[in-house]
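Visitor: Hi! Could you walk me through this one?
Guide: Happy to. Here it is.

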Amino acid sequence: MDPQIESILDALSVAVFIVDAKQKITYRNAASVSLFGAVIPNKKLSYFVPKKRCIRAVKKVLAGGERQSVDVRLQLVVPTSFRMTVVPLNTAGTEADVTAVVSFEDVSHILEAEQMRTDFVANVSHELRSPLTALYGFIETLQGAARSDQNASDRFLKLMEQEAARMARLVDDLLSLSKLQSEERYAPTEKVNVNPILERVTATLAPILNTEKVTVVPKLSSTLPDVFGNVDELTQVFSNLIENAAKYSRIGAEISISSTVDDKEPDMVRITVSDQGEGIAPEHIARLTQRFYRIDKGRSRDKGGTGLGLAIVKHILMRHRGRLQINSVLGQGSTFSVVLPRAI
Ligand SMILES: Nc1ncnc2c1ncn2[C@@H]1O[C@H](COP(=O)(O)OP(=O)(O)OP(=O)(O)O)[C@@H](O)[C@H]1O
Ligand SMILES: [Mg+2]
């Protein structure tokens with residue numbers, strides 16, 4: 001093959017094979033070697049792609065057929081989804097001269113994104129549906145059995161208010177998330193000190209801390225440098241972390257909040273929120289920042305949670321060019337650390 005064409009094919013991320021009239025491989029580009037493994041001479045395409053549908057499509061093209069496309073999932077190092085395309089070459093010669101170009105485009109990421117979108121819509125619908133169903137139930141009761149019962153009416157209206165508030169919170173959280181995702185490329189440029197934010201958040205959360213009977217022990221550095229940050233967004237981060245620590249702690253437990261500059265990472269400011277709650281099993285930790293992921297759905301819902309809190313935290317910290325670290329020991333408690341670049 002012309003070395004220039006070979007270089008062009010090697011530059012592609014799509015795996016390309018050329019097969020002869022007997023489906024024997026006569027050429028492979030670099031991407032096909034890295035995806036399907038090392039070169040083994042004189043092999044047929046079916047050696048690498050043992051799928052009847054694919055072989056049939058190649059046969060069709062070699063027999064004079066038109067271009068073919070097949071979606072296929074192959075077990076390579078990991079299962080990978082491909083769009084296979086077969087195009088005839090040398091069609092001017094006799095049937096024995098006909099060859100075909102077979103390309104494999106990895107479409108796994110497209111399918112994954114599509115799956116995530118479908119799951120997300122299903123989750124949102126489900127989360128909105130539950131309070132809505134409850135509201136319909138209360139309305140029905142108020143129109144019927146509880147019509148002339150003042151006590152029951154008051155009680156149901158209170159519950160209806162709670163369900164409506166849940167729906168409003170869910171919608172607000174979803175809007176926050178989508179706004180954050182669209183602004184993620186722009187890091188905040190204002191210089192702020194996180195200590196006053198932590199103090200304000202703790203004061204605002206006093207009712208929840210009282211309900212859960214937990215006390216906050218602050219250990220804030222008096223010489224803490226500023227970070228580049230947005231006050232409202234950082235307020236949201238610390239609110240969620242402290243609220244989580246309170247909700248998932250034991251009655252009477254302590255939550256310690258610290259702000260420091262770590263010797264190991266002098267360019268960063270580290271804020272930690274530690275609780276003495278039930279802790280989190282390792283298999284859950286990596287998934288906690290996924291939208292709607294909750295270890296115990298019923299429990300989080302009882303506490304008014306939407307399961308979007310940590311997803312919002314993650315996106316805010318990404319925009320801040322910072323990170324969230326989660327350490328936990330089951331039965332002993334968890335530490336959520338926020339690491340933010342300090343302002344220079
Ligand atoms: N400190 C913690 N200790 C134990 N589990 C926690 C802690 N923080 C979070 N989790 C677990 O992570 C899940 C996700 O937390 P996240 O903040 O995203 O949602 P939520 O608290 O359930 O709802 P929301 O934040 O919207 O009120 C929680 O449901 C809980 O199972
Ligand atoms: Mg939360």
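Visitor: What share of the 344 residues in the protein chain is buried?
Guide: Buried residues come to 26% of the 344; buried here means 20 or more other C-beta atoms, placed from the backbone, within 10 Å of the residue's own. This is a predicted model, where local features need pLDDT of at least 70, side-chain atom pairs count only at pLDDT 80 or more, and totals for chains, interfaces and linings use all residues. Residues are numbered from 1 along each chain as its sequence is written, with chains lettered from A and ligands numbered from 1 in the order in which they are written.

Visitor: And how many helices and strands?
Guide: The protein chain has twelve helices and twelve strands, taken as DSSP runs (H or I, at least four residues, for helices; E, at least two, for strands) and numbered from the N terminus.

Visitor: What does the C-alpha trace span along its principal axes?
Guide: About 90 × 65 × 35 Å. The protein chain is more spread out than a compact globule, because its radius of gyration is 29 Å, well over the 20 Å from the globule rule for 344 residues. That radius is taken over C-alpha atoms, and the rule is 2.2 Å times the number of residues to the power 0.38.

Visitor: Switching topic: at roughly what angle do α6 and α12 cross?
Guide: The axes of α6 (residues 150–183) and α12 (residues 309–319) cross at roughly 25 degrees and come within 10 Å. That makes the two helices roughly parallel, the word for angles under 35 degrees. Axes are lines fitted to C-alpha atoms over the stretch in contact, with angles from 0 to 180 degrees between N-to-C directions.

Visitor: Which residues make the contact?
Guide: D173, S176, L177, L180, Q181 and E183 of α6 meet A311, I312, H315, I316 and R319 of α12; contact means C-beta atoms, placed from the backbone, within 7 Å.

Key
Angles under 35 degrees count as roughly parallel, over 145 as roughly antiparallel, 65 to 115 as roughly perpendicular and the rest as oblique. Two residues are in contact if their C-beta atoms, placed from the backbone, lie within 7 Å. A residue is buried if 20 or more other C-beta atoms lie within 10 Å of its own, exposed if 12 or fewer, and partly exposed in between; C-beta atoms are placed from the backbone.
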